[in-house]
Amino acid sequence: MPKNTTVNVRVDSEIKEQAGEILESLGMSLSQAFNLMLYQIKSVRGLPFEVKQRLPIELNDGHGSYICEFGYVHDYSNFDFDAIENETAEMIGPFDTFEEYKRSLYEEEDDE
């Protein structure tokens with residue numbers, strides 16, 4: 001039987017609390033999750049998740065296109081924001097549930 005040992009780790013208290021709540025909802029303690037991660041490190045011979053460097057937001061042009069911190073290209077250069085602003089009076093929502101949103105879509109189809 002393996003012999004247990006203690007590991008002291010410094011972590012941000014807010015992250016520890018948030019992660020602890022999530023793990024608790026999964027029926028797992030922080031200690032159990034940490035042990036699971038160590039077993040996975042041994043099993044895959046590396047970190048059990050991908051480690052990436054997030055890119056800072058970088059504007060590509062002066063017209064609204066940019067690469068976000070996750071590396072995705074967002075192109076708003078051809079967006080007609082004035083037209084969207086004029087249509088907002090006709091927009092529906094907000095919705096309290098996804099079901100309300102779906103019902104509103106069917107109501108619009110029936111109106112046509």
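Q: What volume does the largest pocket have?
A: The largest pocket has a volume of about 800 Å³, the space filled by probe spheres set on grid points joined across faces, edges and corners. A pocket here is an open set of points on a 1 Å grid over the protein atoms alone, where a 1.4 Å probe fits, with protein on both sides within 12 Å along at least five of seven lines. The model is predicted: local features need pLDDT of at least 70, side-chain atom pairs count only at pLDDT 80 or more, and totals for chains, interfaces and linings use all residues. Residues are numbered from 1 along each chain as its sequence is written, and side-chain values use heavy atoms, without hydrogens and water.

Q: Which residues lie nearest its centre?
A: Leu30, Ser31, Phe34, Asn35 and Leu38 do, out of 21 residues that line the largest pocket (each with an atom within 4 Å of a point).

Q: And which elements give two or more residues to that lining?
A: These are α1 (13–25) and α2, both helices (DSSP runs of H or I, at least four residues). Helix α2 gives the most, with nine residues.

Q: Why does Leu30 count as partly exposed?
A: Its relative accessibility is 40%, and partly exposed means between buried (under 20%) and exposed (over 50%), with a 1.4 Å probe and protein chains only. Leu38 is also partly exposed, because its relative accessible area is 39%.

Q: How far is Leu30 from Glu17?
A: Their C-alpha atoms are separated by 9.7 Å, and the two residues are 13 apart along the chain.
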